[in-house]
Amino acid sequence: MRLCMIGTGYVGLVSGVCFSDLGNTVHCVDNDKKKINLLNQGKIPIHEPGLDEILKRNVKQKRLFFTSDLKLAVNKADIIFICVGTPTKKKSNSADLKYVFQVAKKLRKYIKKYRIVVTKSTVPVSTGDKIEKILNSKGRKKIVDVVSNPEFLREGEAIRDFVYPDRVVVGTNSKKANRIMKSLYLPIIKKKSRYFNTSRKGAELVKYASNAFLATKISYINEIANLCEKSGVDIKDISFGMGLDQRIGDRFLRAGPAYGGSCFPKDTKALVDVAKIFKTDLSIVKTVIKSNENRKKILANRVYKILNNKIKNKNITFLGVTFKPNTDDMREASSLLMIPRLSKKGAKIRYYDPTGKKKEFEKFTNVKFCKDLSSACLKTDLIIIHTEWNEFKFLNFKRLVKKKNFIIYDLRNIYSPIKMNQNKIKYFGIGR
Ligand code: UGA
């Protein structure tokens, strides 16, 4: 099939590259010319394992193209995917849909015969109706089917999630559009993924409700971890014991820092906001948002406690600063609150992250990036394991730190407290 992906952010780029790998001809469009130039040189603006190789392979096969010319890309496509960002509006909690509507208005000009327009961007329930109104307005013959097809991929695991999703959700009441979408996804459905056709509004809400539910699961286990710390129980046992119940399931029950990233924080807020329009109080989701914000403060306070409130001139090392491993994404990472707080209190902070230096910390004179683990850990007082990159999982801390008394605060519970105790290393984890 011939596809056009509008927006080369995470969702648009990964989906475009993966769709081309399934044999489709894909034009990826972005109005950021710099980004398009980079992509045309085979350079990828995001850190996503495996994407590079698939992209190059499909460009070579002349199935994958990058352009800033929307009209050209639209003319060459049967299905047009809107994958632009829906960030939180300034000074509000609602999703900013201006990019989505800008694209819809342009499509109105360029689409001349039957096309399917799909929203892959995460949009509040009933946005599809508004897009349809723009595309089929002013007595124009209805030539467009507007479909909702939310994306469920995770950063860092995006390719696997795209090729082997648990489900493909397609929201449309049009039989024709559904038939075409189903055949597009056939290679994926054949690998045992469930295909679920529902109403357009239903699909829009499945996406928000799923993200908010996962955020709730994480916040729940994080609060239970607080109780474990006070009652002398290991949260890992609780997660394991709970996860054995198939009604609960063991995934997304890992206690840690506050959940971050570009999706959970933004989507939980937007869900509460859209519910207000429909006069519905989502009190659970509201509490989750509050609990997650609070978590960042709880963790910073715990660091003060671990250091007996003597923060000034303490050497603190952060291992990993991104919100999760296998991505360079810093959005809503707990480190963004913890590092400035500790720096203000006079700590000397060094950090190492496999994806390099972060502009977010450049303005702090006492926060330094180190190119490797050894220089980050040498003679430090406290190591904070912030992100669970694989390269942090088997470290010999004594050899790295090269001094007697140092402390480890493991926000991802990677290490065993018993072994740390045997090695005479002062160790703190989450919920244990
Ligand atoms: C999330 C969803 O998992 C995807 O299904 C969805 O498509 C995506 O948002 C989106 O809406 O685009 P992502 O934000 O990439 O994906 O990353 P996750 O793996 O879900 O992690 C989110 C946050 O939760 C991270 O800060 C992570 O550390 C935290 N987390 C996750 C935990 O603290 N504990 C867990 O058990 C799992």
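A polar contact is a pair of N or O atoms within 3.5 Å; within protein, one atom must be able to donate a hydrogen and the other to accept it, and residues adjacent in sequence count only if both atoms are side-chain atoms. By this criterion, a polar side-chain atom of N211 lies 2.8 Å from an oxygen atom of the ligand. The model is predicted: local features need pLDDT of at least 70, side-chain atom pairs count only at pLDDT 80 or more, and totals for chains, interfaces and linings use all residues. Residues are numbered from 1 along each chain as its sequence is written, and side-chain values use heavy atoms, with hydrogens and water left out.

**Ligand surroundings**

- Of the 19 residues around the ligand, those that come nearest are F152, L153, E155, K207 and N211 (a residue is near if one of its heavy atoms lies within 4 Å of the molecule).

**Helix α9 with helix α10**

- Helices (H or I, at least four residues) are DSSP runs numbered from the N terminus.
- Helix α9 (residues 200–231) packs against helix α10 (residues 235–243) at an angle of about 135°, with the axes 9 Å apart; axes are lines fitted to C-alpha atoms over the stretch in contact, and angles run from 0 to 180 degrees between N-to-C directions.
- The two helices α9 and α10 are therefore oblique to each other (angles under 35 degrees count as roughly parallel, over 145 as roughly antiparallel, 65 to 115 as roughly perpendicular and the rest as oblique).
- Y220, I221, I224, A225 and C228 of α9 make the contact with I235, I238, S239 and M242 of α10, where contact means heavy atoms within 4.5 Å.
- These residues of the α9 and α10 contact comprise 8 nonpolar, 1 polar and no charged (Ala, Val, Leu, Ile, Met, Phe, Trp, Tyr, Cys and Pro count as nonpolar, Asp, Glu, Lys and Arg as charged, and the others, Gly among them, as polar).

**Helix α12 and its partners**

- The axes of α9 and α12 come within 9 Å and cross at roughly 45°, which makes α9 oblique to α12.
- Residues of α9 including A212, E223 and E229 meet residues of α12 including I284, R295 and R302.
- The contact of α9 with α12 has 6 nonpolar, 6 polar and 4 charged residues.
- Helix α11 (residues 264–277) and helix α12 (residues 283–306) have axes that come within 10 Å and cross at roughly 145°.
- T268, K269, L271 and V272 of α11 form this contact with V285, K286 and I289 of α12; by class, the residues are 4 nonpolar, 1 polar and 2 charged.

**Ends of helix α2**

- At the start of helix α2 (residues 33–40), a side-chain oxygen of D32 reaches to within 3.2 Å of the backbone nitrogen of K34.
- After α2 comes G42, with a positive phi near 80°.
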